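Trainee: I should like to learn how to read a structure such as this one. May we go through it feature by feature?

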Amino acid sequence: MAAAAWQTATLDEDVQKTQGSLKRLAARGPVAAVNGVGPVCSKQGIRLKRLRAGHEEETFALGAACSEVFTGERLARVLAPAVDYQVKALQCLEQGKPCMPLSIHTSAGLPAALGGFVEALEPHLPWPGGDDWIVNLQQEGATAVWAGVEALMRLSQLRHESSPRSLVAVGERSYHGAKTTDLGMPAEPRWPSAPRTQGQVAYPVPAVGAESSTSLQEDFLYRFDAFLNAEADKIGCILFEPQWGSTFAARPWPAKLLQEAVARSKKRGIFVLCDEIMCGLGRHGKGTLFLSKALELEPDAVTFGKAMGAGAYSLSGVVLRQGASTLHGAGSKLVQCHTYAGSSAVALIAAESVLQEVPRWFAHADKMGQIILEEFQNINKSGFVRVDGLGLMWGGLFCQEDESKRAMAAEAFKSACEQGGVWPYFVPAGGFMITPPMDVEESELREGLRRLVQCVEKAQAVLAVDAGPPSKCT
């Protein structure tokens, strides 16, 4: 059997085995669901071939929650050094020779690839130069946030020794990981009937439309000041998402309000962490790796993750602006470390390649963002959905104030997407997000957007909503 034919036969066998195993799977979506999305057969650009409900289909994958950064030859280029490293290690193993480990438990040592990654990261840090910054490495976003909070709270304890602060402030609607075990609001019980995560306090967020309304801006600052007056002396650190993820479907913070909120928090002695797991890696289209750098926020810490490891390897982390000398002097160490936290040499090698390649695509992200704005222009005026975003991270929330009608709109929209061959990221709030790869081709993006717009229009027709000014999008 020819190699290509053998590979096809093997893939077909694997796909069928995976489809058959869905009845055993407890993961994203309902437990043991066999009629949802299933195994992926192939992917090229944003064209995805997969099984859904047991049947093969091709769809335009516009979503996938920032899990990809490059495709095609660009992805091959950034993965090549890590794959070469693996091949050389495999050859050594086969020959019984010593080799550089693919992964090493950090209690035994550190991957030699760590230094290259740290050097590649330093020029992108969202604050002026300094020699006191530190980085903690994790595998996914939620633990990166926890590590950042732990480090900042340790610094806060040293800063406020006479009156220690124990609370972490998060947005009244926010997402920093699973609502059961991680930070974010509204929090949910860790398991049925269990207590909720303690130690969080919710701060107010700007109302819809605040970016263009002086009265709404003044209202937010009044409410934020009232919050600080009541809680500041108990808060050690505060978390901001410069561009919200699924909570508000990629809506950016009004820049001036975010700058004010950060400045006022710092003035009260509160450490600031910007969670850029979703919006980082230059996806925002403003010409920097981190959005907090483009907005000149100068946070005390910033998280990164998602496709930092090229989408093929898991790597996340948090960078602190300062703390190396203080925490070292206090003999502190972070508890938020585990078996595979920063242990993968191949993930670090791939991430270094990503950091070298991704700046070449910052301008492309901005250009594609203008195309998305153009394609979404009509539906954004419909009164049925409000669309917001930056660069290559956009989303829409259905504008029905009644929760049941918003759920109906979301259901009708998803059904239209299933039939229309397009797949955004469906958000629980009642809407969608799109986060194409940084190198997405304009023609493919336009085709995917055209299909998505048609699906929105079909959902609007199902609900028979008249065009007009939007109702309150929340």
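Mentor: Let us begin with contacts along the chain. In this predicted model, residues 24 or more positions apart account for 71% of the contacts with a separation of 6 or more.

Trainee: Where does Arg74 lie, and is Arg74 buried or exposed?

Mentor: Arg74 belongs to helix 2, which covers residues 72-94. Its relative accessible area is 15%, and because buried means under 20%, Arg74 counts as buried. Beyond its neighbours within four places in sequence, Arg74 is in contact with Glu357, Trp361 and Asp439. With Asp439 there is a polar contact between the two side chains, at 2.9 Å.

Trainee: How should I describe the chain as a whole?

Mentor: One may start with its elements and then turn to its extent. The chain holds 13 helices and 17 strands. Its radius of gyration is 23 Å, close to the 23 Å that the globule rule gives for 474 residues, so the chain is as compact as a globular protein of that length. The C-alpha trace spans about 75 × 70 × 50 Å along its principal axes. Of the 474 residues, 50% count as buried.

Trainee: How far may I trust the coordinates, and which residues have a pLDDT under 50?

Mentor: Where pLDDT is low, the predicted coordinates should not be read in detail. Here the average pLDDT of the chain is 93, and 96% of the residues score at least 70. The stretch 466-470 stays under 50, and for these residues the model has ten contacts beyond four places in sequence.

Trainee: What is the strand order of the open sheet of four strands?

Mentor: That order is 1-2-3-15, again with mixed pairing. Strand 1 (37-44) and strand 15 (422-423) are the edge strands, each pairing on one side only. Strand 3 (residues 55-61) runs parallel to strand 15, with two bridges between them. Phe60 stands opposite Val422 in strand 15.

Trainee: Which contacts does Arg50 make?

Mentor: Arg50 has its place in strand 2, residues 47-52, and is buried, with a relative accessible area of 4%. Its side chain makes a polar contact of 2.8 Å with the side chain of Glu57. Arg50 also has contacts beyond four places in sequence, among them Val37, Cys41, His55 and Trp423.

Trainee: Finally, which backbone angles deserve attention?

Mentor: Most residues other than glycine have a negative phi, and most peptide bonds are trans. In this model the peptide bond from Met185 to Pro186 is cis, with omega near -5°. Pro186 is found in the loop between strand 7 (184-185) and strand 8.

Trainee: Where do Leu281 and Glu298 lie, and how accessible is each?

Mentor: Leu281 lies in the loop between strand 10 and helix 7 (291-294). Leu281 has a positive phi of about 60° although it is not a glycine, and is buried, at 12% relative accessible area. Glu298 lies in the loop between helix 7 and strand 11. Its phi is also positive, at about 50°, and Glu298 counts as partly exposed, at 30% relative accessibility.

Methods. Residues numbered from 1 in each chain as written. Predicted model: local features only at pLDDT ≥ 70, side-chain atom pairs only at ≥ 80, totals over all residues. Heavy atoms only, no water. pLDDT = per-residue confidence, 0-100. Contact = heavy atoms within 4.5 Å. Buried < 20%, exposed > 50% of the residue type's maximum accessible area, 1.4 Å probe, protein only. Polar contact = N/O pair within 3.5 Å; in protein donor to acceptor, adjacent residues only side chain to side chain. Rg over C-alpha atoms; globule rule 2.2 N^0.38 Å. Pairing = 2+ DSSP bridges.
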